[in-house]
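This report goes through selected features of one protein model. Keep the sequence and the 3D view open while reading.

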Amino acid sequence: MNNGLSIVEMKVRGCDASDLTFSWRLASTARGRRQSAWTIRVAETAEALSSADGEAIWIESSSEGGSGSTARYDGPPLAGNRRYWWSVDVRDERGGRTVSAPSAFDTALAPADWKAQWIWKPGPVRPNDFAYFRKTFAIAPVRLERARLFVSAHHYFQLFANGTRVGGYGSPAPTLPTDRKLYLTYDIAGLLRDGENAIGVIVHYLGGSGQNYVNGAPGLIVQGQFDGADGTTRTIVTDETWEVVRDIPHRVGTPYQQNRRISAVEQYDARRWDGRWLEPDDRGRFVEAVVIADRNGETWPLRPQELPEGAAEERIVPAPVGVQMPGRQVFDAGKIVSGWPSLRVKGFEGVTVRMRYSEALDEEGGVKHNVCNETSETYYDEYTMAGRQSETWEPDLSYKAFRYVEVTGYPEPLNGDNVRIVSAHTDVAHTGSFASSNALLDAIYAACIQTQKNNVLGQLVDCPHREQAQYLADADLQAETLLYFFDGMTALDKLLADFEGAQRADGTFPFVFPSNVDHPDFAIDIPEWDLHFVTVLWKMYRFSGDSSYVSRHYAAAKRLMDGVAARIDETGLVPKGAGWHISDWPYPTIDQEGAYLTAQNLKSYRNFELLARMAELLGLREDAASFAARQASLGAAIRERLYDETSGLFLDCSGSERRHQGVNVLALEYGLVPEERRTAVLDYIVREGHQCKTLLSLNLLRALFENGREEDAYRLLNHTQYPGWGYMIAQGSKTIWEGFDDIESHSHAWNAYPARLFVEYIVGIRIGAPGFATAELRPWLPEDIRFAEGSVLTPAGRVQLRWERIGERELSIEADIPANGSAALVLPWSALRIDRIVESGRELYRDGAFIRGTAGIAGLAEAQDGSVALTLGSGSYSFTVFEA
């Protein structure tokens, strides 16, 4: 019996057999359909799930009222590198039943199953090294059911099977290898042939104590398992039988492109390229034996990479701009992108072409010699031509970021057929949307999305050019847009795992990670940045409703806040202590001269509250009580020592006479402003205009939107004067800047949160309960907008909302709630203003009375503030609201 519920998507998060989570999404053409119970089965074959008497490895059922759509595996241990099958049996609120078709998932290679060794080429370890490895092997003439390769390298690799490129870019994603080294899995069955085959791997090692990776030792590790339909298995592993090419196109030891030493200049001589190294029939002609890599006594636990690889999203035909003369031409991508250029030309043997990158042009129309705001004479790559009729090259072993590329050295005029700009980044799916009748908001949204894409490069980076480094505060602000518009949970989970692996005994973190924190350039602490670990984790839970994230990272969050608590002194406050302190950024105007910083203490207060709530969620009642007590104690000390009774405002720091807008925004947002002073503090915040910088402007806008000052928040977003996001658009930018000043980085994703605010507060899609178990739909109608629409892909499915003014006295609202979901639709007009409400041609409200009988609508309620809320079940709705 099919009850109208269908299972439209099934996912398995994780491929490590010890940490698997199953999830599914439902759909229905009928309204109000909900799941009431579920049963999951896992088996070794699809047939076992399809047969009534088939044997399952694991069967798990929900408790009564099981409306959730995730389940964590806790059955018998699963074998590594095996294919298993699962199905989900769903029952609805009427007792109807829907059973999914069996779905396959593959487990990762178990740690004990790794037989491969790390290999490298003979000779000394050198920074900015390149190596070309290969392995030839024979395959018996049987049909292959699977041919899986497990591959990792330090730092990055590109894989080939019989000459065909396999996989993406920027692999593996960087980590602390002694904590976990990530590997990728590929099925190459379709690329193998009977008889001899060849695997080729290009490896690039950095090793320059740069900002966004850990030096470690260079190496490659590969393990392959080829399963025949006849039950035979062939295995290959990296060992002394692998070969390395002697003479390669890449020059070794080139300069770094940035002061932060995050990528090497690629100097590539095509005359040295011999594609035969990728074929199996030239063994021994230009190769030598490898050596087992020296790991300096370190153990690198290998873990499967769940974050997608990098992918080329767009190939842009650039426009010629600036200098256009023989041998020197400048091209404009039209926006800043992460990626690299692509050169396709007629070859001139021995002639070297240089491609230099920048966000900006100099006064003469040439590309500036810089990386963002830092001077660099080496932000370029070079290609020496072989002299073939047609040659193509892409310096794609690292991400660059630029708008302009200057090509020098080519002897003939170039055009868009010769030069393309490849926009590339980690392939996180873009899942959400926003559009409106306000062209400025739409342009800001587009810039936010492009900026966020530019800044997911195997890690959540602050900027895609100067640093490509992962900061907790930057990632916390990025989480706003990542969660609403991208499949960003895996990237955020990796972020927390990265910092957790580097956490010190006192609970603190390095200021960026992965990084070479033992190098003096990066031996920096920012105590306020550490606190964002907790808020990132809470945002992940709020969006997903999945407590397993909290469970996984709670210990690290607790260590952090236990350490903060241990530093509280006799004043009851957290002292400023050592390190680089940042209350706001960039170019902050908050007074930080005192021994106790108000922003630091307020954020610690908020974190104690969040830890108490997380501990309660996990059933850790003693922890919950302890953190709640710490919160109360710190809150009392803040009010006693950092609050000015005379003005009714919070001071920037101890001993300060200043009362910054941002400090008081935090106090208001975190509930420390006395109730009788809230209106006055809000008035003060509004009078101060826009004093907050990027970091605290998010809190400023939320405080205004959440406290009845929507018009004031909207004014900060909807203008083209300095400071503001519209100012960036007015200057011609298609990406979002680091701050509001036209300096430094012009592609900084931590400032891209307006996209989230547009959908959350103007369109009106909000999280009503963790995981959108209930969505809150609360449209807000600025006077200058005729329509606005947006969508968010929630754990249950896509929530969509659109509102549009129809004439002078009508409002159209269209809403889609996924099956197994519900929503409260809070209308933007008060009950006194509404004459009647019609849904899909059926009247449901007139003269102040709710008319029952409309499918999916359980009720209508009028709040104390006069607003009207409709309780909606799942389904599609089309409302027309008529003004009285």
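Buried means under 20% relative accessible area, exposed means over 50%, and partly exposed lies in between. The model described here is predicted.

## Residues with positive phi

Glu744 has a relative accessible area of 22%, so this residue counts as partly exposed. Glu744 sits in the loop between H14 and H15. Its phi is positive, about 55 degrees, although Glu744 is not a glycine.

Asn128 is another non-glycine residue with a positive phi, here near 50 degrees. It belongs to the loop between strand S9 (119-120) and strand S10 (129-139). With a relative accessible area of 1%, Asn128 is buried.

## Cis peptide bonds

The peptide bond between His154 and His155 is cis, with an omega of about 10 degrees. His155 is part of the loop between S11 and strand S12 (156-161).

A cis peptide bond also leads from Ser171 to Pro172, and its omega is near -5 degrees. Pro172 is in the loop that runs between strand S13 (164-171) and strand S14 (181-187).

Leu144 belongs to strand S11, which covers residues 144-154. The relative accessible area of Leu144 is 18%, so Leu144 is buried.

Which residues touch Leu144, if its neighbours within four places in sequence are left aside? They are Ile139, Ala189, Leu192, Phe226, Asp227 and Gly228. Gly228 is 84 residues away from Leu144 in sequence, yet their C-alpha atoms are 4.3 Å apart in space.

## Cysteines

A disulfide is a covalent bond between the sulfur atoms of two cysteines. How many disulfides does the structure hold? The number is 0.

Distances between sulfur atoms show why, given that a disulfide needs a pair of cysteine sulfur atoms within 2.5 Å. For Cys448, the closest cysteine sulfur is that of Cys463, and the 17 Å between them is too far for a bond. Cys463 is in no disulfide either, as its nearest cysteine sulfur, in Cys372, is 5.6 Å away. Cys448 is buried, at a relative accessible area of 0%. Cys463 is buried as well, with 0% relative accessibility.

## Helices H3 and H4

Two packed helices are described by the angle between their axes and the distance between the axes. For helix H3 (residues 472-485) and helix H4 (residues 489-501), the axes come within 10 Å and cross at roughly 165 degrees. Angles over 145 degrees count as roughly antiparallel, and H3 and H4 are therefore roughly antiparallel to each other. Their crossing is left-handed.

On the H3 side, the contact involves Leu472, Ala475, Ala479, Leu482 and Leu483, while H4 supplies Met489, Leu492, Leu495 and Phe499. By class, the residues of this contact between H3 and H4 are 9 nonpolar, no polar and no charged.

## Helix H10 and its partners

The axes of helix H8 (residues 598-617) and H10 come within 10 Å and cross at roughly 15 degrees. This angle makes H8 roughly parallel to H10. The crossing of H8 and H10 is left-handed. Thr598, Ala599, Leu602 and Lys603 of H8 are in contact with Val663, Leu666 and Ala667 of H10. These residues of the contact of H8 with H10 divide into 5 nonpolar, 1 polar and 1 charged.

Helix H10 (residues 661-669) also has its axis within 10 Å of that of H11, with a crossing at roughly 145 degrees. The crossing of H10 and H11 is left-handed. From H10, the contact takes in Gln661, Asn664, Val665 and Leu668; from H11, it takes in Arg678, Val681, Leu682, Tyr684 and Ile685. The contact of H10 with H11 has 6 nonpolar, 2 polar and 1 charged residues.

## Helix H13

Which residues of helix H13 (residues 710-717) are buried? They are Asp712, Ala713, Tyr714, Leu716 and Leu717.

These buried residues of H13 pack against several other helices: helix H2 (439-454), helix H11 (678-687), helix H12 (694-706), helix H14 (725-730) and helix H15 (754-763).

Terms used. Residues are numbered from 1 along each chain as its sequence is written. This is a predicted model: local features need pLDDT of at least 70, side-chain atom pairs count only at pLDDT 80 or more; totals for chains, interfaces and linings use all residues. Side-chain values use heavy atoms; hydrogens and water are left out. Buried means under 20% relative accessible area, exposed over 50%, partly exposed in between (1.4 Å probe, protein chains only). Helices (H or I, at least four residues) and strands (E, at least two) are DSSP runs, numbered from the N terminus. Contact means heavy atoms within 4.5 Å. Axes are lines fitted to C-alpha atoms, for helices over the stretch in contact, and angles run from 0 to 180 degrees between N-to-C directions. Angles under 35 degrees count as roughly parallel, over 145 as roughly antiparallel, 65 to 115 as roughly perpendicular and the rest as oblique. A crossing is left-handed if the near helix is turned anticlockwise from the far one by less than a right angle, and right-handed if clockwise. Ala, Val, Leu, Ile, Met, Phe, Trp, Tyr, Cys and Pro count as nonpolar, Asp, Glu, Lys and Arg as charged, and the others, Gly among them, as polar.
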